[in-house]
Amino acid sequence: MQVTRKPTEVLSTIFGYSSFRPGQEEIIEHVLAGSDALVIMPTGGGKSICFQVPALCFTGLTLVVSPLIALMQDQVAALQELGVKADTMNSGTSAESRRQILSSIADGSLKMLYMAPESLMQEEFVNYLSGMQISLIAVDEAHCISVWGNDFRPEYTKLSYFKNRFPEIPMIALTATADAATQSDILSQLGLDGARRFLSSFERKNLTIRAAPGQDRWGKILRFLYNHKQHSGIVYCLSRKGTETVAAKLNDAGYNASYYHAGMDATSRALVQRRFQNDEVQIICATIAFGMGIDKSNVRFVIHYNLPKNIEGYYQEIGRAGRDGSESECLLFYSWRDKSQLQTFIDESPMDASFKEVQSAKLHRMWEFASASSCRTNLILNYFGEFRKEPCGHCDNCLHPPKVFDGTVIAQKALSAVIRSNQEVGIDLLIDILRGSSKEEVRQGRYDQIKTYGAGRDLPYLDWKSYITQILNKGLLRIDYTDRSTLKVTPLTKQVLSGEVNVELVKFSKTKTVTKIKIDKTGDSQSPLFQSLRRWRYAESQKRGVPAYTIFNDATLRAIVDQEPLIPEDLLMVEGIGEAKLGRYGNAILNVVNEYYKSK
């Protein structure tokens with residue numbers, strides 16, 4: 001593999017950005033050195049740059065494995081807007097288009113080819129590639145290869161064959177949601193045992209995260225939407241019927257909404273998705289069938305009308321808000337009915353008992369997140385192996401903290417019991433040990449012999465359940481789903497046991513106080529120039545037949561408003577405008593800006 005361009009040059013001239021986001025440059029340099037990598041980076045963190053920049057620095061072709069045709073088409077359209085020679089080949093590609101793609105591979109003009117795994121693994125195509133210059137293989141949405149992941153796809157499991165066939169070609173696997181078990185499984189399944197793991201921070205500081213009980217969902221939604229009258233958003237529902245019902249109620253309330261679910265035919269789904277991407281529909285009410293990899297940058301809110309099935313899926317879904325870095329909001333509703341329905345889905349699935357056990361444990365962890373009284377962001381960070389105790393300041397529990405007490409002794413008892421039981425017990429058995437239970441499981445494990453046996457007799461079972469959940473949420477313990485959902489220590493455990501750090505807990509109560517959602521009365525006040533630029537962008541997207549955000553995202557339009565460019569060279573100083581887009585759109589943008597100032 002030959003490297004002919006510098007990453008910073010590609011970033012500036014093609015993508016129009018002056019600097020990399022945290023973590024991107026180190027990953028890119030690692031890949032350009034010919035090494036394999038596993039990249040765990042939250043949705044909206046800039047994963048695509050981590051393989052697209054190396055692809056344009058290498059001389060040969062980069063193959064990108066992606067699970068959805070719509071996702072591939074979106075990314076290819078965005079690259080083509082940047083002047084990059086990219087294409088996609090899938091089951092719907094015509095024979096003539098396929099011949100043209102193979103020809104452009106042969107003459108070296110094609111830089112990036114997006115493919116579904118089953119298309120890539122066709123023996124005829126693999127043999128054809130043997131004589132070509134392939135520089136990089138990128139596996140996007142890599143969690144799909146793992147049964148531990150939140151969206152397992154059996155066709156992904158064959159990709160190790162490709163790595164074995166071309167061991168000299170570096171491979172980069174990328175995903176937004178993978179806990180420790182899923183990460184290890186991805187590396188094993190792809191045959192990347194020596195790959196370096198790059199774990200970016202999972203914190204999205206521009207997202208405000210809130211959760212509320214399911215009572216009066218509709219009233220809470222209407223109050224929430226007061227701030228988002230002109231904004232794009234997604235409402236995730238558990239059922240197909242739910243998407244249609246909520247969309248109808250939003251339309252009745254004066255919002256421009258549509259629905260999306262797997263029961264619709266492919267043409268209808270594609271039309272709804274395209275209208276949403278082009279800002280013709282404001283709000284999409286959808287099942288989880290909608291959204292994987294959708295790169296619409298100006299989604300300002302995500303509402304979960306029902307409890308998601310696990311934290312991985314939830315975090316991936318809220319990651320579709322604020323991808324341009326602007327402030328965005330996420331609201332989650334939860335109820336026992338949702339949890340029971342999701343548990344029924346697990347129980348009735350055809351998967352084996354161990355898989356069901358893991359999924360049930362993850363569902364329970366999702367419930368604990370929804371009903372948590374501590375920092376929600378830290379709970380997510382801790383879940384993905386990023387342990388931190390400082391409050392985030394942008395979740396409801398940090399913005400409106402509940403009353404706490406010094407629970408250090410309670411936490412020390414629990415942590416000590418976990419260690420003295422050799423980290424071999426789950427939550428329920430730990431509570432039995434602390435409360436001095438004489439159950440057979442306690443006696444068989446000889447846990448009645450350890451020093452902390454019975455140390456928590458003074459607290460009822462439900463109190464202990466609440467406090468251990470809070471201890472988990474604070475990252476002082478973690479659940480190992482690969483080892484019977486047993487409790488394990490974390491890097492923060494020792495600090496509590498040594499007395500270096502005190503632990504604040506919320507007093508257990510059978511009724512949880514509902515945190516009121518703070519309403520910003522200022523509403524939406526975009527500038528007239530911004531609206532003019534949006535209208536121009538929409539007209540241009542219709543003319544070119546591409547999603548509006550692939551031309552420019554909202555953050556770039558706002559930067560144009562702020563910087564007031566007068567000449568083409570001024571536009572190159574705007575983040576998100578590179579040489580190709582300057583040449584294609586520069587004069588039109590300046591015309592919009594000039595017309596606006598003439599009319600003032």
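Modeller: Let us begin with a term: contact means that heavy atoms lie within 4.5 Å. This is a predicted model, and in it helix 3 (residues 47–57) lies across strand 2 (61–65), strand 4 (112–115), strand 5 (134–139) and strand 6 (171–175), running at about 160 degrees to strand 6.

Biologist: Which strands does helix 9 lie across?

Modeller: Helix 9 (residues 180–190) lies across strand 1, strand 6 and strand 7, and its direction is at about 145 degrees to strand 7.

Biologist: How should I read the sheet itself, and in what order do the strands come?

Modeller: In general, strands of a sheet pair through backbone hydrogen bonds, either parallel or antiparallel. Here 7 strands make an open sheet in the order 3-4-2-5-6-1-7, with parallel pairing. Strand 3 (86–89) and strand 7 (196–199) are the edge strands, each pairing on one side only, and the twist from one strand to the next averages 20 degrees. Strand 1 (residues 37–40) is joined to strand 7 by 4 bridges, and Leu38 has Arg197 in strand 7 as its bridge partner.

Biologist: At roughly what angle do helix 19 and helix 21 cross?

Modeller: The axes of helix 19 (residues 427–434) and helix 21 (residues 461–473) come within 10 Å and cross at roughly 125 degrees, and the two helices are therefore oblique to each other. The crossing is right-handed. Where they meet, helix 19 contributes residues including Ile427 and Leu434, and helix 21 contributes residues including Trp464 and Leu472. By class, this contact has 8 nonpolar, no polar and 2 charged residues.

Conventions
Residues are numbered from 1 along each chain as its sequence is written. This is a predicted model: local features need pLDDT of at least 70, side-chain atom pairs count only at pLDDT 80 or more; totals for chains, interfaces and linings use all residues. Side-chain values use heavy atoms; hydrogens and water are left out. Axes are lines fitted to C-alpha atoms, for helices over the stretch in contact, and angles run from 0 to 180 degrees between N-to-C directions. Angles under 35 degrees count as roughly parallel, over 145 as roughly antiparallel, 65 to 115 as roughly perpendicular and the rest as oblique. A crossing is left-handed if the near helix is turned anticlockwise from the far one by less than a right angle, and right-handed if clockwise. Ala, Val, Leu, Ile, Met, Phe, Trp, Tyr, Cys and Pro count as nonpolar, Asp, Glu, Lys and Arg as charged, and the others, Gly among them, as polar. Two strands pair if DSSP finds at least two bridges between them.
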